[in-house]
Amino acid sequence: MSRKYATLKMRQIHRNPNQPRKAFDEDALKELAESIKEHGLLQPIVVRKVEEGYELVAGERRFRANELADNITIDAKILLPEGESEISDMDSFKKAMAENLNREDMLPLEEARGFKKVLDEEEGATPASVAKAFSKSVQFVNQRLALLALRPEIQAAVDLGHIGTQAAVQIAALSKDNQKAVFQDWKKGDKNDNQLVHIAYAMRKQEKAATQDSMVDVDEMTPEEKAERSRVQAKTKGDLDAIEGMWALLDSIGKADPMELARTLAGEVGKRLEQMDRVADVVQKARFQLRQAKAHADASEIMVNPAAAAPDLVAEAEAVLAQVDPAAGDAEPETQAEPAPEPEAAPGADANTEAETEATPVADVETESPAGPEEDDTEAEAVAEPVAVAA
């Protein structure tokens with residue numbers, strides 16, 4: 001696509017009504033305006049010719065800051081059509097989207113709505129073609145699209161950075177009532193983002209189990225099944241109590257002098273270290289399973305409590321939503337008319353599954369691996385199984 005450079009009058013340029021980025025930090029704009037006053041505009045904006053003047057394609061932030069700096073002109077790169085073809089609205093939108101997509105301050109839901117617009121309005125567009133157009137993975141695109149299934153108040157919390165995108169994707173897979181329930185529970189302030197990931201994932205598993213009638217109520221068990229359940233409960237609790245009793249043995253080794261240990265274990269230090277590594281690996285796996293069990297217990301409390309099943313939205317959530325998108329109100333998420341494509345299957349379900357996942361903060365990641373999908377679960381999960389994360 002050919003282009004030329006020119007200095008245009010600010011009043012000749014119209015903002016793009018389809019600008020994918022809606023939120024701009026006012027303090028950052030003021031800082032950029034001061035920089036423009038001091039050093040000038042270092043990078044021109046991008047525009048296209050329209051019937052009345054020019055329309056902004058890329059550089060909305062620079063345009064606004066230049067306006068704040070009280071400049072009446074601005075340097076611009078003008079995109080020129082090739083032959084008879086005009087620069088379409090979709091071409092303009094995709095260029096604006098591409099410029100903003102890799103900015104740290106473009107909101108997750110802005111990205112999601114941008115991808116959805118391309119899928120809806122560009123002929124033949126698929127998540128794969130959208131991912132290629134914006135140099136993202138298919139999984140990244142699908143995960144962003146999944147956010148559109150969130151209730152509006154949760155979308156607001158995600159855009160404000162209160163709930164991370166990994167947790168949000170897990171929540172998006174829940175029913176609307178359970179989305180409300182987990183959001184209300186999160187608002188108590190006693191759950192961090194990693195716990196939210198696991199609780200939402202556990203709720204999804206329990207929703208699925210309830211749908212498949214695979215959850216057996218204790219009252220429905222036969223006497224034999226109840227006896228077996230009691231036996232398993234007693235053994236599991238006994239095993240955990242026995243493990244706790246071993247801490248004194250490990251503590252004594254942990255307090256031992258390394259040089260003295262080397263002399264005591266002469267010729268066997270390497271073998272004993274491998275022995276301890278095997279124990280540590282098993283302990284980590286057991287610890288992770290217990291954390292998953294805690295998430296399921298928390299999820300059960302949220303789901304089975306009638307008061308938490310569908311609570312009224314508090315005024316605070318509505319106020320937050322109004323600040324982010326005053327026109328949104330209580331409207332249903334955009335994916336109601338057409339569901340967003342499902343994110344890719346849980347790790348291990350398909351050897352060809354994209355390897356890229358939403359990044360988890362390094363400080364929160366444990367060394368153990370998450371449990372793989374159950375062998376008899378033939379249906380791919382709507383969201384990826386959560387990674388092992390610290391409480």
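The legends below describe close-up views of a predicted model.

Local features are reported only where pLDDT is at least 70 and side-chain atom pairs only at pLDDT 80 or more, whereas totals for chains, interfaces and linings use all residues. Residues are numbered from 1 along each chain as its sequence is written, and side-chain values use heavy atoms, with hydrogens and water left out.

**View A. The open sheet has 5 strands with mixed pairing.** The strand order is E1-E5-E3-E4-E2; strands (E, at least two residues) and helices (H or I, at least four) are DSSP runs numbered from the N terminus. Two strands pair if DSSP finds at least two bridges between them. Strand E1 (3-9) and strand E2 (13-14) are the edge strands, each with a single partner strand, so one side of each has no neighbour in the sheet.

**View B. Strand E5 (residues 73-79) pairs with strand E3 (residues 45-50) in the parallel sense.** This pairing extends over 4 bridges, and Ile 45 has Ala 76 of E5 as its bridge partner. E1 and E5 run antiparallel and are joined by 7 bridges; here Ala 6 stands opposite Ala 76 in E5.

**View C. E3 and E4 form a hairpin.** The two strands have 2 residues between them. Strand E4 (residues 53-58) pairs with E3 in the antiparallel sense over 5 bridges, with Arg 48 opposite Glu 55 in E4. Helix H3 (residues 89-101) lies across E3, E4 and E5 and runs at about 45 degrees to E4.

**View D. Helix H4 (residues 108-121) packs against helix H6 (residues 138-146).** The angle is about 105 degrees and the axes are 8 Å apart, which makes H4 roughly perpendicular to H6 (65 to 115 degrees; under 35 counts as roughly parallel, over 145 as roughly antiparallel and the rest as oblique). Axes are lines fitted to C-alpha atoms, for helices over the stretch in contact, and angles run from 0 to 180 degrees between N-to-C directions. From H4, Pro 108, Glu 111, Ala 112, Phe 115, Lys 116 and Leu 119 meet Phe 140, Val 141, Arg 144 and Leu 145 of H6 (contact: heavy atoms within 4.5 Å). These residues comprise 7 nonpolar, no polar and 3 charged (nonpolar: Ala, Val, Leu, Ile, Met, Phe, Trp, Tyr, Cys and Pro; charged: Asp, Glu, Lys and Arg; polar: the others, Gly among them).

**View E. Helix H7 (residues 152-159) packs against helix H9 (residues 176-186) at an angle of about 45 degrees.** Their axes lie 10 Å apart, and H7 is oblique to H9. Glu 153, Ile 154 and Ala 157 of H7 make the contact with Gln 179, Lys 180, Phe 183 and Trp 186 of H9. By class, 4 residues are nonpolar, 1 is polar and 2 are charged.
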